[in-house]
Amino acid sequence: MDGAKDESTRPPEAACVSIEDYKRLYRALKTLSAGNRTLARAVDEEALLQDMCHAIVDQGGYRMAWIGYADRDEKRTIRMMACAGAEEGIWEFFPLSWADEIKHPTALAIRSGAPRVSHLVQEDPALAFLHAEQRKRGYVAVSAFPLIIDGQVEGNLTIIAGDKDAFGNEEVNVLSELAEDVAFGIGALRARNRQLEAEAALQRVALYDPVTDLPNRSLFHKRLGELIARSPRTPRPFAVSIVALDQFREVNELLGAQHGNELLVQAAAILRPLLDDEDLLARVSDDEFAVLWRDTDAERAGQRAVRVLAAFDQPLKLSGFAIDARPRVGIALFPGHGPGPDALMRRAALASREARQSPGNFAIFTGNLDRDCNRNLSLVAELHHAIADEQLRLYCQPKVDIATGIPCGAEALVRWAHPEHGLIGPDRFIKMAEKAGLITPLTNWVLGEAFRQVYTWQSDGIAVPLAINLSTRDLLDSRLVDRIRGLFLTWGVDAGNVQFEITESALLEDPRGSLETLKRLRDLGVHLAIDDFGTGFSSLTYLQRLPTDSIKIDQSFVGRMLEHEGSDAIVRSTIDLGHDLGLSVIAEGVEDQATWTRLAALKCDVAQGYFISQPLPAEEFASWHLPEDMFHATLH
């Protein structure tokens with residue numbers, strides 16, 4: 001049906017040019033000029049379409065203009081986007097479709113991708129259903145132009161005139177150029193919008209955390225700086241708090257990144273309702289959130305920290321696991337704790353680390369924390385020279401067989417005999433050594449001194465198994481086992497007198513690599529123990545696979561077992577579990593007679609702690625013995 005009749009809708013060849021033709025061409029050129037001005041001002045697609053239709057009618061002098069978009073749905077709907085000059089009710093009679101059975105010029109232009117013209121609609125049989133309405137409204141001639149964007153027909157520009165000879169060749173050529181300009185303008189606006197959206201997405205990535213959708217560290221720092229800059233000479237105090245989730249790393253490594261992210265999402269959902277309208281919550285590192293509390297002094301900051309901690313009292317549910325995600329909170333206050341964002345955030349982070357030792361799990365920054373930090377940095381610098389200058393000392397803490405009261409070994413510990421600060425315990429410098437990349441030379445020193453001490457005891461006829469701690473970085477050191485093998489060759493000591501203790505958290509860093517290292521150590525004939533048992537997530541998952549001989553119950557459970565039923569249950573079940581697996585069980589942190597007696601009743605194998613003995617200089621260990629009264633208490 002498109003054949004002969006389509007030909008009749010094309011513009012006829014002009015035999016001659018009349019005054020009226022010139023007037024129509026002028027009208028088209030005037031319309032093109034008005035359309036270009038509209039395009040030049042366009043900033044919005046919807047406004048462009050509407051303004052273009054009005055320019056065609058109001059300035060070009062055409063009877064009506066409308067723009068539609070061609071949907072590719074089942075009915076091939078034309079969506080009306082803009083219109084000018086349409087009289088009320090016209091759309092009730094006009095089929096807004098470009099389906100094959102529709103023959104009006106607009107549908108033909110969309111389907112063919114070329115202009116279509118009906119010079120006299122009253123003589124066009126394809127528009128018979130509109131003849132009565134068009135006569136009533138004075139719609140005489142119709143031209144329809146496809147809007148081609150990125151090579152595809154996206155819609156139409158349809159123009160209606162009131163004179164029957166409208167839309168000759170020259171006029172159609174000019175209006176075709178206008179349609180091309182409209183299509184170009186639409187494409188340009190869409191391209192600009194896509195660019196703006198991409199820039200906004202990039203900016204959001206730069207300023208927001210993709211997991212929690214919270215502001216990130218950069219945006220929090222910026223907002224903090226803006227608040228400080230706006231503060232009057234006598235400012236209103238506010239607090240910056242760091243909320244740290246220590247469990248994030250273990251969840252992430254044991255259960256996977258998806259569950260680690262879910263932990264963060266749940267934590268953010270708990271924190272959001274605790275904010276006032278002007279507060280700000282952000283995720284500032286892997287396991288840390290930052291909160292800006294407006295109009296908050298030290299007293300109110302402490303109260304708000306307690307609210308945060310109370311909100312985490314209930315365990316979080318992750319894939320069937322109940323995770324105790326109780327955080328620690330560190331607080332810094334403006335203006336007392338610093339004039340700028342960097343100082344406030346750093347001091348809030350220092351306070352959050354101090355909160356580990358706080359009974360309430362939160363701490364407010366004090367100047368002592370900063371001084372301690374500076375002193376620790378100084379110690380790190382000096383630790384480089386401590387080994388070479390022979391400032392380190394080997395200490396040994398006895399282990400006792402609970403059933404017999406007989407010493408059955410010792411744990412090798414290190415102390416730093418600092419020339420100015422005196423004897424410094426490992427809690428002051430071991431973690432610093434790990435962060436500063438000094439743990440390997442420190443471990444090498446302990447290994448060398450421990451083997452030397454075992455050789456000395458062995459030469460004196462004393463068989464004392466000495467346990468040496470290995471850190472996360474030690475297990476990742478590919479040269480560790482070869483270094484230990486070399487020490488056995490150098491000193492010729494009995495492998496039964498050398499033991500190694502590895503914490504659960506160290507095993508989580510690289511479970512497969514750690515397992516391989518432990519197997520190679522076990523092949524040397526040494527005794528292996530899992531230290532701090534019960535504090536990590538790997539307990540039951542890896543215990544059966546690890547080539548271990550014993551487990552050490554963490555002192556946090558042992559020290560509380562008499563007054564805390566949960567801790568007592570953990571100690572009791574750990575002892576039973578270890579025995580069921582054929583492992584000996586060591587309790588560390590035994591501080592009093594009552595704990596010793598309770599462990600004896602639970603059939604724990606070995607005890608270690610200050611009740612038995614403080615760590616002793618290695619050279620004094622051989623002369624140490626268990627006091628008689630403790631021996632009798634053990635047997636009775």
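Analyst: Buried means under 20% relative accessible area, exposed over 50%, and partly exposed in between (1.4 Å probe, protein chains only). This is a predicted model, in which local features need pLDDT of at least 70, side-chain atom pairs count only at pLDDT 80 or more, and totals for chains, interfaces and linings use all residues. Residues are numbered from 1 along each chain as its sequence is written, and side-chain values use heavy atoms, with hydrogens and water left out.

User: Is Asp-477 buried or exposed?

Analyst: The relative accessible area of Asp-477 is 13%. Because that value falls under 20%, Asp-477 is buried.

User: How many Å separate the closest N and O atoms of Arg-483 and Asp-477?

Analyst: A salt bridge is a side-chain nitrogen of Lys or Arg within 4 Å of a carboxyl oxygen of Asp or Glu. Asp-477 meets Arg-479 in one, at 3.6 Å from N to O; Arg-479 is exposed at 52%. Arg-483, partly exposed at 23%, also forms a salt bridge with Asp-477, and there the closest N and O atoms are apart by 3.2 Å.

User: Which helix holds both Arg-485 and Asp-482?

Analyst: These two residues form a salt bridge with closest N and O atoms 2.7 Å apart. Arg-485 is partly exposed at 35%, and Asp-482 is partly exposed at 44%. Helices are DSSP runs (H or I, at least four residues), numbered from the N terminus. Being 3 residues apart, Arg-485 and Asp-482 are separated by about one helical turn in helix H16.

User: How many salt bridges does the count come to?

Analyst: One network, joined by salt bridges that share partners, contains Lys-399, Glu-411, Glu-501, Lys-552 and Glu-588. By the 4 Å rule, the count comes to 29.

Note on methods. Helix = DSSP H or I, 4+ residues; strand = E, 2+ residues; numbered from the N terminus.
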